[in-house]
Amino acid sequence: MSAGIFDRTPQDVEPIETAYRRISTQIPAPGTDNLLAILDHNESRSMHGQMPIVWDRAHDFSVYDRAGNRWIDFTSSIFVANTGHGNRAVKNAVRAVLDKGLMHSYAYASEIRASYLERLVEFAPAPVEKAMLFSSGTEAVEAAFKLMRMQGQKLGKERFGIICLEGNYHGRTMAAQMLGGGDDQRTWMGTQDPDVHRFPFPFTWDLGNKSGAAYFNDSILSLKEVGIDPKKHLCGLLLEGYQGWNAAFYPTDYVVAAQQWCRENDVLLAFDEIQSGFGRTGKKFCFEHYNVEPDLICCGKGMGSGVALSGVLGRAEIMDLPDIGNMSSTNSANPMACAAGLATIKEIERLNLIDESMRKGRILRRELMKLQSESGGRISRFSSRGLVAALIFNDEACGGSAAGFADKVCLRALESGLLVVRTGRESIKIGPPLTIADEALEEGLDVLGRAIADVAWGA
Ligand SMILES: Cc1ncc(COP(=O)(O)O)c(C=O)c1O
């Protein structure tokens, strides 16, 4: 098995029947290969590379295939199902809109859109005053990019520089990809934007004796050395809530220094909370961990509980920079999406999911510490806050390929009734629905520990 390509031959595996998991067929389940072959034949391979499982239905923190196998879901379908898969209140809210035949209403007003926006702005921390809605995370980032540059223009800046951080991820459209990913992800663009500047990510082990604030200031100095004057040449700084693939958080003083510098230089601070928002880290938004108030917040994923919904939030003076009609899009503020978004906020509040994420995050952290200590050095580190975590594997301890090792662990977990997030790199990510039962969380972590041991020392 090479990284990214899983063997599809059904294998005999131990049958499992617990309160939360059921494995009663070979894995991949019979029929999986046929379905994957149809996708291989008809769909761009750019969507492929996931583990060999066919999702048939999902409920709360469980995912089922057609054969009746049942997995504990540690993925939330890539950090989307924060309120639980198929959340009843969200389904009912969408159904009510469908029953009225209101599947679309373009940019005409609707009652559900007004109710949702009122509640969304209320839900977001001050100084948020307005929002604009889209369908995908990458669109929200594009919009933030545009707003930052429009603000620079309004202030009469000579250039429209945007700072982003190496290794962060913001999506796959032009500006979003320009602001994120590695160099290899940007070659298709040809010409690179000379007004996009990349700072190194402040990993704790790279700081040495420096504070986070000093590390940030060093990056600013390096820009000044190449003739960039922040007051004249820069208009935005974009930070992902935490760096995605390894769930790396910033030192608080790095972000605080960044905010102060932004204010002193008329530069907007934007946070990409597409993955980290809506309770994932035990706060409504991840930036609350750093005690800052960004000018712009990009949201998506968990915002709509599975219905395509994203948006940007901010102060009225920034959000109203585009002229009337200039940021609308066909599927923005779709009535079904607004209904799902409104029900999502109500469910987060009714089920107390922000505090629950924080509380369950303590269980997660405690168990991950055990996993690391029992891994024989294979887990070099882990990072977690609330209900997101990443385990980072060590190349040498994993026989030369930590990414290959991580893939094998993902597959072993799949065979054992647990779905984890495959990153295709030397990490595995964990992000269960915030509604997960404590016992299911503990059972899933136990399965993960055994999967790591099986791959390390043989089943
Ligand atoms: C932090 C972050 N930003 C942006 C995106 C892009 O969102 P989408 O895939 O909805 O375009 C993602 C998706 O993984 C993300 O994690």
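Student: Which strands form the open sheet here, and in what order?
Tutor: Seven strands form that sheet, in the order 6-12-11-10-9-7-8, and the pairing is mixed. Two strands pair if DSSP finds at least two bridges between them. Strands are DSSP runs of E with at least two residues, helices are runs of H or I with at least four, and both are numbered from the N terminus.

Student: What kind of model is this, and how are residues numbered?
Tutor: This is a predicted model: local features need pLDDT of at least 70, side-chain atom pairs count only at pLDDT 80 or more, and totals for chains, interfaces and linings use all residues. Residues are numbered from 1 along each chain as its sequence is written.

Student: Which strands does helix 5 lie across?
Tutor: Helix 5 (residues 137–154) lies across strand 6, strand 7, strand 9 (234–240), strand 10 (268–272), strand 11 (296–299) and strand 12 (310–314), and runs at about 30° to strand 12. Helix 10 lies across strand 9 and strand 10, at about 140° to strand 10.

Student: Now helix 8. What should its length be, and what is the span?
Tutor: Helix 8 (residues 212–225) has 14 residues, which at 1.5 Å a residue should span 20 Å; its end C-alpha atoms are 20 Å apart, so the two agree. The expected span is 1.5 Å times one less than the number of residues.

Student: Which of its residues are buried?
Tutor: In helix 8, Gly212, Tyr215 and Phe216 are buried. They cover an arc of only 100° around the axis, which puts them on the same side of helix 8. The arc is that of the directions from the helix axis to the C-beta atoms. Buried means 20 or more other C-beta atoms within 10 Å of a residue's own, exposed means 12 or fewer, and partly exposed is in between, with C-beta atoms placed from the backbone.

Student: Why would residues three or four places apart point the same way?
Tutor: An α-helix has 3.6 residues a turn, so residues at that spacing point the same way.

Student: What is exposed on the other side, and what covers the buried residues?
Tutor: Leu221, Lys224 and Glu225 are exposed on the other side of helix 8. The cover over its buried residues includes helix 7 (204–207) and helix 10 (252–264). Just after helix 8, Gly227 takes a positive phi of about 90°.

Student: Switching to Tyr290: where is its place, and why does it count as buried?
Tutor: Tyr290 sits in the loop between strand 10 and strand 11. It counts as buried because it has 22 C-beta neighbours inside 10 Å.

Student: What is Tyr290 in contact with?
Tutor: Leaving aside neighbours within four places in sequence, Tyr290 is in contact with Tyr250, Thr252, Val255 and Val256. Contact means that the C-beta atoms, placed from the backbone, lie within 7 Å. Tyr290 and Tyr250 are 40 residues apart in sequence and 8.1 Å apart in space, C-alpha to C-alpha.

Student: Which way do the residues of strand 17 point?
Tutor: In strand 17 (residues 427–430), Ser427 and Lys429 point one way and Ile428 and Ile430 the other way, and all are buried. Strand 14 (residues 388–393) runs antiparallel to strand 17, with 4 bridges joining them, and Ala390 stands opposite Lys429.

Student: What about the hairpin of strand 16 and strand 17?
Tutor: There are 4 residues between those two strands, and Gly424 in the turn has a positive phi of about 75°. Arg422 stands opposite Ile428 in strand 17.

Student: Last one: how many helices and strands are in the protein chain?
Tutor: The protein chain has 15 helices and 17 strands. Its radius of gyration is 22 Å, close to the 23 Å that the globule rule gives for 459 residues, so it is as compact as a globular protein of that length. That radius is taken over C-alpha atoms, and the rule is 2.2 Å times the number of residues to the power 0.38. Of the 459 residues, 48% count as buried.

Note on methods: Contact = placed C-beta atoms within 7 Å. Axes fitted to C-alpha atoms, helices over the stretch in contact; angles between N-to-C directions.
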